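Q: I am new to this structure and would like to learn how to read it. Could you take me through it one feature at a time?

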Amino acid sequence: MSIAKQYLGKLVNVVIDRPLNSKHPKHNFLYELNYGYIPNTVSGDGEELDAYVLGVNHPVQEFAGKCIAIIHRTNDDDDKLIVVPEGVDFSDAEIEQATAFQEKWFEHKLIRA
């Protein structure tokens with residue numbers, strides 16, 4: 001398993017580089033969640049570890065929250081953390097629905113603590 005697994009159940013800081021409702025720089029879709037990365041990490045793709053922020057319904061620049069799950073892409077080396085406000089939880093189905101705008105193009109499995 002990737003570096004991402006060490007973050008399950010932990011508090012993390014996310015720098016948001018694609019805020020809610022921003023347009024993807026290369027592909028023609030809008031981000032339906034705040035999306036960013038964990039600073040000073042390296043994921044399987046050589047970039048910083050990515051994170052979806054659920055439970056925040058307005059654009060933000062940074063977010064501190066708890067990693068409750070990982071989207072482990074099985075056809076791409078680029079795991080995604082699922083980060084939420086402390087004390088908030090989402091079901092697997094809710095996570096799948098919230099991230100489908102981007103994850104529908106990738107095979108993946110959801111990993112929980």
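Q: Which residues does D50 touch, not counting residues up to four places away in sequence?
A: A contact means heavy atoms within 4.5 Å. By that rule D50 touches Y35, G36 and Y37, and also D78, D79, K80 and L81, with residues up to four places away in sequence left out. Before we go on, note that this is a predicted model, in which local features need pLDDT of at least 70 and side-chain atom pairs count only at pLDDT 80 or more, while totals for chains, interfaces and linings use all residues. Residues are numbered from 1 along each chain as its sequence is written, and side-chain values use heavy atoms, with hydrogens and water left out.

Q: Where is D50 found, and is D50 buried or exposed?
A: Helices (H or I, at least four residues) and strands (E, at least two) are DSSP runs, numbered from the N terminus. D50 is found in strand β3. For burial, we use relative accessible area: under 20% is buried, over 50% is exposed, and in between is partly exposed (1.4 Å probe, protein chains only). D50 has a relative accessible area of 13%, so D50 is buried.

Q: What does S43 touch, not counting residues up to four places away in sequence?
A: S43 lies in the loop between β2 and β3 (50-53). With residues up to four places away in sequence left out, S43 touches I3, E48, L49, D78 and D79. D78 and D79 are also among the residues that D50 touches. S43 counts as buried because its relative accessibility is 9%.

Q: How many helices and strands does the chain have, and what pattern do they follow?
A: The chain has 1 helix and 6 strands. Read along the sequence, the pattern is β-β-β-β-β-α-β.

Q: How do I read the radius of gyration of the chain?
A: The radius of gyration is taken over C-alpha atoms, and the globule rule is 2.2 Å times the number of residues to the power 0.38. A compact globule of 113 residues would have a value near 13 Å, and the chain has 13 Å, so the two agree. Along the principal axes, the C-alpha atoms fill a box of roughly 30 × 30 × 30 Å. Buried residues make up 44% of the 113 residues. Among contacts with a separation of 6 or more, 57% come from residues 24 or more positions apart.

Q: How many aromatic pairs are there?
A: Rings of Phe, Tyr and Trp (its six-membered ring) pair if their centres lie within 6.5 Å; planes under 30 degrees apart count as stacked, over 60 as edge-to-face and the rest as tilted. The count comes to 7 aromatic pairs. One of them joins F29 and W105: the ring centres are 5.6 Å apart and the planes are at 45°, so this pair is tilted. F29 lies in the loop between β1 (11-18) and β2 (34-37), and W105 in the loop between α1 (92-103) and β6 (108-112), so the pair ties together parts that are 76 residues apart in sequence. F29 counts as buried, at 12% relative accessibility. Ring pairs link F29, Y31, Y35, Y52, F101 and W105 into a cluster.

Q: What is there to see at E96 in helix α1?
A: E96 lies in helix α1, and at 30% relative accessibility E96 counts as partly exposed. Leaving out residues up to four places away in sequence, E96 touches H108 and L110. E96 and I71 are 25 residues apart in sequence and 9.0 Å apart in space, C-alpha to C-alpha.

Q: Which residue has a positive phi of about 70° although it is not a glycine?
A: That residue is N21, with a positive phi of about 70°. N21 is found in the loop between β1 and β2 and counts as exposed, at 54% relative accessibility. N40 is another non-glycine residue with a positive phi, near 65°. N40 lies in the loop between β2 and β3, and its relative accessible area of 76% makes N40 exposed.
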